[in-house]
There are 2 protein chains.
Amino acid sequence: MHSETNLSKLKAVLNEINDLIAILGLIQWDQETYMPHGGSLGRSHQLSAISKVIHLKVTSPENGQLLEDLKPYAATLDPDSDDARLIKVAARLYDQRTKVPVEWVSEFARITGEAYAVWEHARAESDFASFQPYLKRIVEMRREYASFFEPYDHVYDPLLDEFEPGMKTADVQEIFAWLRPRQVALIQAIAGRPQVDDSFLHQAFDEKSQWNFGVEVITRLGYDWNRGRQDKAVHPFTQPMGLGDVRITTRFLPDYLPSALFSTTHESGHALYEMGVDPNLDRTPLGRGASMAVHESQSRLYENLVSRSYDFWVFFYPRLQEYFPSQLSTVPLKKFYASINKVAPSLIRVEADEATYNLHIMLRLELEIALIEGKLEVADLPQAWNDGMRDYLGLTPPNDAQGVLQDVHWSHGYMGYFSTYALGNLIGAQLWELVNREIPDLSKQIQRGEFATLTGWMREKVHRHGAKFEPQELVQRITGSKIDPAPYLRYLTEKYNRLYGL
Amino acid sequence: MHSETNLSKLKAVLNEINDLIAILGLIQWDQETYMPHGGSLGRSHQLSAISKVIHLKVTSPENGQLLEDLKPYAATLDPDSDDARLIKVAARLYDQRTKVPVEWVSEFARITGEAYAVWEHARAESDFASFQPYLKRIVEMRREYASFFEPYDHVYDPLLDEFEPGMKTADVQEIFAWLRPRQVALIQAIAGRPQVDDSFLHQAFDEKSQWNFGVEVITRLGYDWNRGRQDKAVHPFTQPMGLGDVRITTRFLPDYLPSALFSTTHESGHALYEMGVDPNLDRTPLGRGASMAVHESQSRLYENLVSRSYDFWVFFYPRLQEYFPSQLSTVPLKKFYASINKVAPSLIRVEADEATYNLHIMLRLELEIALIEGKLEVADLPQAWNDGMRDYLGLTPPNDAQGVLQDVHWSHGYMGYFSTYALGNLIGAQLWELVNREIPDLSKQIQRGEFATLTGWMREKVHRHGAKFEPQELVQRITGSKIDPAPYLRYLTEKYNRLYGL
């Protein structure tokens, strides 16, 4: 009885914390969608203030005592029950956050709050020098953050762990070491084959029609407009503010159709995940995705394995042609399909094809680790970026906007995040193999524009659990093995064998 | 030295509190602009959580001790200095808020967070019954709020004081008692004169053109787009989130031009005020308008005394005709001017002309006082509203959407607010008499579309002081007398004498 009172108290504390985290989400959403430029400095103070409040609540002695008192009770519960997992995850967060001083949290929120506007401007002007002092400070603070977790196996581990609970740098490096030569070999094989002519994708496409088609697609995928909305942002993202309000953003290139299209299906994958979490977990630390990699497994799956598939366009291509008759009426489906799957090394990660995408990630991971290890100075980063791009993809960015400044993540202080995209690709392929075995006519359903069974399967296997299980455990439970690069390589090889006649 | 350290500490506390209040502002702005319907329940919890955090910070023993320790130091300062006023206002807020239990604050935020969505729906459906239980609870909680401030002269005083520091119910009632028969006599005199034909205002006006013209107008009035933005909302409002981010909202009627136009200039008056506060006061309780009445003096001044003036349209009417040639090219300026100043009793407060507007306010004040005194039940409110409308304006609303449900305020829990609109009209007229004496060619400047001197004068006399002075003190300092209804009556009488040949 006493323990149940404590559990109620803990839940009340966690509810409040998660309400404040939802507010933090709104602040970040607003900063990237509608905030006027003049709000930037005030916003950095606001981010600092709310981050401090959240940190102090998470690390409060009251919270710590409740968690301590609940340990014996938790041991009596079914270890897979919501309550047992809630106590476990809350204790994990408490242990993690109490290692970090509130002054660090407050200052990091302030500096990254300022850095976003500086990055936005630096990217527009391709002016790395203006962003450099902010990035230098962010790297310094990230190294300081790692130091709070000493001893560690690797200085990058605490950063990775923030986005990918339980994952180690060595694990990621091992996976990437297996994958890299195989992906490079595939890309080289493709480079030896005749290339597809995708020039029809590079012409004027009315933004309003792009918007409307994207809305039609994700509505059919299952995006719930009662619990969300779509807005424009410099760098597309999904922002949940509790399970009743899961917003997505997108951006448009006026002269390249695939950009907004696949960004929209990507974000809808994130949103379907959050919208599919068991409502009983709302307002708790379990009421969100398990990790960034599991999140990316959903976004990359809906972006690529679903919306870059031939089946998908059997249904949607006639509709797309209706939106853009002058651009597409003479382009056959097969050519369209080949074009949106064209493999060619490119400068911008978010526009990259599936075969080269992971190489962009591997470069970022390498650079981040070097920065955090202190082996690379921020001042030398643009050169290191360009060297890496040549090394990995054989390209040299013409400017920093298309190079080191392209991604928003570092301005937010997200270091440790990038590898989760590649891990997400791998998990996505593992899930894809399984779902196709378990739903034998999935291909036919997609050809008919039916996604309810697919999304229902994802909801049952992945979404509803929220953050109850750590990513490796979740993947193991669903697929029977941990994160495994082989299915992804099989998927890529089979797809491009067909497309490029390898 | 010790006192200066305490002052720095106090400022740090106040900065954090005001950063959190800015966040509360963002939450409210989002709720009325972009939040999807499904976010409503979560939002009520978020409002509750942040309100609780703010309340606990304002009433913290640390804050109280700092304020107590600073009393002797404050006595040595110039009483008009920023620091002396900051300590005074912070102490006033501390004393006021410590009377209110945090449980009340948290619950009131939650219930009003839910009530907004309920009101929005009730208004759309003209369904008072669905809003009634929420309003009943809000009235109960407002009565409970008043009880925290016992003893008081009048049960309504603590509510009024929240929006209008230092103002008493008896003061407002005295002013209204003087004004009401005189405004009624004026309206009756007008009713005896031939009426203007304003039917050309009731036709289709393209929304995009309405938007663009409004933007052109308020840009010229001095609205700073770097520190703001305009969005659509069901009920227009201005939301500051610190001095660098002061947003306005508007709404459009597709078949009635004046609605959006004057709502836009109204909100720009609020925004100019906030944008004109001395930047040194940002992130403190002085970094905002002095009170709602002083705020309304600015919004009602820019809406009416400026943008409903003949001078204003000498400049802007040719531009408006360019936006709407088919609707306006054959309408002469004099007729347009007479039409936007047509006096006729009407159902909706925000659309009311200047002569009848205050009667809408007097009705609301009377009803609010009766509700808080317990002399009127919420269940009987629609009938009391309709009776009052007949009594004050000779009209009966055909439904509750155009009656008791028209205003957003009660759904937010704002009881004690409405009279500040009428008081703002009075202060605005006092300022208008003075500024026309001090800038003899103001009329000519406005005819040339020049507003820099006018807005500069307002900035110097009103805006820059922020909340340093209580409203009566501020008005006294600027005009030499307290809030006085006579200038407003002189203004109305002179204006309508000319327009209606009284």
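This note sets out numbered points on the predicted model shown above.

1. Basis of the note. Residues are numbered from 1 along each chain as its sequence is written, and chains are lettered from A, with ligands numbered from 1, in the order in which they are written.

2. Secondary structure and overall form of chain A. Chain A holds 21 helices and three strands; helices (H or I, at least four residues) and strands (E, at least two) are DSSP runs numbered from the N terminus. The radius of gyration of chain A is 23 Å, which agrees with the value near 23 Å for a compact globule of 502 residues. That radius is taken over C-alpha atoms, and the globule rule is 2.2 Å times the number of residues to the power 0.38. Along the principal axes, the C-alpha atoms of chain A fill a box of roughly 70 × 50 × 45 Å.

3. Burial, contacts and surface of chain A. Of the 502 residues of chain A, 62% are buried. Buried means under 20% relative accessible area, exposed means over 50%, and partly exposed lies in between (1.4 Å probe, protein chains only). When contacts between residues at least 6 apart in sequence are considered, 75% of them in chain A join residues at least 24 apart; a contact means heavy atoms within 4.5 Å. The accessible surface of chain A is about 18600 Å², and 52% of this belongs to carbon and sulfur atoms. Accessible areas come from the Shrake-Rupley method with a 1.4 Å probe, and for residues only the protein chains shown count as cover.

4. Charge in chain A. There are 52 positive and 67 negative side chains in chain A, and the centres of the two sets are 3 Å apart. Lys and Arg count as positive and Asp and Glu as negative, with His and the chain ends not counted. The place of a charge is taken as NZ of Lys, CZ of Arg, CG of Asp or CD of Glu.

5. Helix 17 of chain A (residues 419-438) has 20 residues and spans 29 Å from its first C-alpha to its last, close to the expected 28 Å at 1.5 Å a residue. The expected span is 1.5 Å times one less than the number of residues. Helix 17 of chain A is mostly covered, with 16 of its 20 residues buried. In chain B, helix 4 (residues 82-98) has 17 residues and reaches 24 Å, close to the 24 Å expected. Its buried residues include L86(B), I87(B), V89(B), A90(B) and Y94(B). The buried residues of helix 4 pack against several helices of chain B, among them helix 1 (2-33), helix 2 (40-58) and helix 20 (471-479).

6. T250(A) belongs to strand 3 (residues 246-250) of chain A and counts as buried, at 0% relative accessibility. Setting aside residues up to four places away in sequence, T250(A) touches residues including W211(A), Q230(A), D231(A), K232(A) and T264(A). A124(A), in helix 5 (residues 102-125) of chain A, is exposed with a relative accessible area of 62%.

7. Backbone points to inspect. Most residues other than glycine have a negative phi, and most peptide bonds are trans. A cis peptide bond, with omega of about -5 degrees, joins E150(A) and P151(A), and P151(A) is in the loop between helix 6 (128-147) and helix 7 (157-163) of chain A. In chain B, a cis peptide bond joins E150(B) and P151(B), with omega of about -5 degrees; P151(B) is in the loop between helix 6 and helix 7 of chain B. S126(A), which is not a glycine, has a positive phi of about 50 degrees; this residue lies in the loop between helix 5 and helix 6 of chain A and is partly exposed at 26%. R283(A) has a positive phi near 65 degrees, and is partly exposed with a relative accessible area of 22%.

8. D353(A). This residue lies in the loop between helix 14 (333-340) and helix 15 (354-373) of chain A and counts as buried at 6% relative accessibility. Beyond its neighbours within four places in sequence, D353(A) is in contact with K342(A), V343(A) and A344(A).

Definitions and conventions. This is a predicted model: local features need pLDDT of at least 70, side-chain atom pairs count only at pLDDT 80 or more; totals for chains, interfaces and linings use all residues. Side-chain values use heavy atoms; hydrogens and water are left out.
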